[in-house]
Amino acid sequence: MNSDPADIAGLRNGSTIHASGRDRKHFEDDLVEHLERDQFVAVTSRPVERAALSARTITGLWALRIFVIVVSLMVIYTFVDQLH
Amino acid sequence: MATTGADTPQALDAPLTGEDAARSRDRLQVQSAREGRKRWRLLWLLVGPGILAMLGENDGPSMIAYASDGAQYGIGFFVPFIPLLFLMAYVCQEMCMRVGAVTHRGYGELVLQRFGRVWGWFGAGDLTLTNLVTLIAEFVSIRVGLAYFHLGVGIAVALGLVLVLFTLSGGRYWRWERIVLGMALFNGLFLLAAILVKPDISAVARSLDFSPFPGGSFNTLLLLLASTIGATVTPWMIFFQQSASADKGMTPRDINHGRYDTAVGAVLAAIFGIGALIAGAALLTHGGSGIQGFAGAGFPEALRRVAGGAAGTVFALGLIEAGAVAILTISASTAYAAGECIGVSHSFNSSPRNAALFYAANFGVALVAAAVILIPGVPLLSIALNANVLATVLLPVSLVLMVMLANDKGLMGPWANKRSTNVIGIAVIAFVGICGAAYGIDSFLQTVHLVGS
């Protein structure tokens, strides 16, 4: 698996696949030429690796999440109350 | 990029899908224009997601919010405030475009895969809730516009749903994008409405110094800020622009054009939003009349009485356009999120047979919203006015995760955020979060009588 940023940069600077299988039909080869390697459905359908979040980041995200839920409930309560 | 198996030959030996073939044809056009140094042709081919996100957000509730600001407070403060908000929107949307172009993946799937299912589903839940509420408001907007022409709610529902079906029928992202772009340009009707009310140009120029500041209670001011922010930056825009950029087939080489696309969208949206504000301000000296009549013909009718039939008609047509375009873009963002989170095909370049859930979610969410406005006695006015506020309150989490993705060097490599972008992005999140939370908390405390109004 490739995780070297420099290599990634090379991949993404417009490099394309020119002939990934000699037995492919000619029209498929033509189409393949115009897509980047990691644009294919076969590639994008594979999940990216899970990020390793620090305990501080996870705590911060949960704190924000809970805060947003509480404020949303307040807005919804106010909205329902105004209806009456 | 994080390890994906993306670079293995096995992955590339998989057969080409119809989605690959359709996207490849679009990329062929881009490549030809680039090699032929046809700058305007290249720009034409690469614009789309940014303009659609920005003009899609100039939707029915947003234009009503701008017009209400004008009718109640005049144009002072808001004329410079609206462009400032769209500058904030540009910062957020540029990140979405860049992440989509570099990773070729939508926001929902990246959050789910990179940060875990809990965060992915929380995001999708927020999106579904705000999108459903906003879609109801879009149908209300179409209904208000049609009511001016003495057409009923049934026509509004039929128009919205037929448009969704029509745009879904092509099986190509390009076709969908161009149809919706063509419709979105009619958002300029609000600028025409502003011209028709014959505004005092010197007053517009004087208002550029953020004065006079809107009066009223602290809670009213917070409501104004929250609803105006919600009229400019929302969760659906984040999902939509990243997914649409990936679906369009944008690559890192297209990022500069993606920035032009987003900037043009922001400028147009700000101009048209100010148009709605100025048109609404024509009602200021008439006591802001027409606002209470929102559930009926409301604004267009009030405008007709004050500024003439042409202004009323143009404003009514603008509301129909704003609602219709937003129904298409917001339904699309829901469909992208559903496909990405469940892990099935999610592209306009896939056929309905191969992406059944994507197409079903796209039409289904519009259908549910349409059904709600047909229920007698549903408080449509309150739903429409609260849609933007709810979006503002839920936005900070989506923005934080977006900034985290845009900073992820494993995903973004050399296209990760620069320090200056992070500083501005964090300032935007703080501003949005504080305004939304302050309104939510203050309103709640007033409702339970813990503070006076």
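A residue is termed buried when its relative accessible area is under 20%. The views below are taken from a predicted model.

**View 1. Helix H7 of chain B within its surroundings.** Helix H7 of chain B spans residues 107-115, and nine of its nine residues are buried, so the helix is largely enclosed by the rest of the structure. The buried residues of H7(B) are Tyr107(B), Gly108(B), Glu109(B), Leu110(B), Val111(B), Leu112(B), Gln113(B), Arg114(B) and Phe115(B). Gly116(B) follows H7(B) and has a positive phi, near 115 degrees.

**View 2. Helix H6 of chain B and the residue that follows.** Helix H6 of chain B comprises 26 residues, numbered 78-103. From its first C-alpha to its last, H6(B) reaches 37 Å, close to the 38 Å expected at 1.5 Å a residue. Since 22 of the 26 residues of H6(B) are buried, this helix is largely enclosed by the rest of the structure.

**View 3. Packing of helices H3 and H15 of chain B.** Two packed helices are described by the angle between their axes and the distance between the axes. Helix H3 (residues 39-46) and helix H15 (residues 255-281) of chain B pack at an angle of about 70 degrees, and their axes are 9 Å apart. That angle makes H3(B) roughly perpendicular to H15(B). The crossing of H3(B) and H15(B) is right-handed. H3(B) contributes Leu42(B), Leu43(B) and Leu46(B) to the contact, while H15(B) contributes His257(B), Tyr260(B) and Asp261(B). The residues of this contact comprise four nonpolar, one polar and one charged.

**View 4. Two loop residues of chain B with positive phi.** Phe77(B) is located in the loop between helix H5 (60-73) and H6 of chain B. Although Phe77(B) is not a glycine, its phi is positive, at about 75 degrees. With 6% relative accessibility, Phe77(B) counts as buried. His150(B) occupies the loop between helix H8 (117-148) and helix H9 (153-168) of chain B. The phi of His150(B) is near 60 degrees, a positive value in a residue other than glycine. The relative accessible area of His150(B) is 74%, and this residue is therefore exposed.

**View 5. Secondary structure of chain A.** Chain A contains four helices and zero strands. Its elements run α-α-α-α from the N terminus on. Of the 84 residues in chain A, 39% are buried.

Notes:
Residues are numbered from 1 along each chain as its sequence is written. Chains are lettered from A and ligands numbered from 1 in the order in which they are written. This is a predicted model: local features need pLDDT of at least 70, side-chain atom pairs count only at pLDDT 80 or more; totals for chains, interfaces and linings use all residues. Side-chain values use heavy atoms; hydrogens and water are left out. Buried means under 20% relative accessible area, exposed over 50%, partly exposed in between (1.4 Å probe, protein chains only). The expected span of a helix is 1.5 Å times one less than its number of residues. Axes are lines fitted to C-alpha atoms, for helices over the stretch in contact, and angles run from 0 to 180 degrees between N-to-C directions. Angles under 35 degrees count as roughly parallel, over 145 as roughly antiparallel, 65 to 115 as roughly perpendicular and the rest as oblique. A crossing is left-handed if the near helix is turned anticlockwise from the far one by less than a right angle, and right-handed if clockwise. Contact means heavy atoms within 4.5 Å. Ala, Val, Leu, Ile, Met, Phe, Trp, Tyr, Cys and Pro count as nonpolar, Asp, Glu, Lys and Arg as charged, and the others, Gly among them, as polar.
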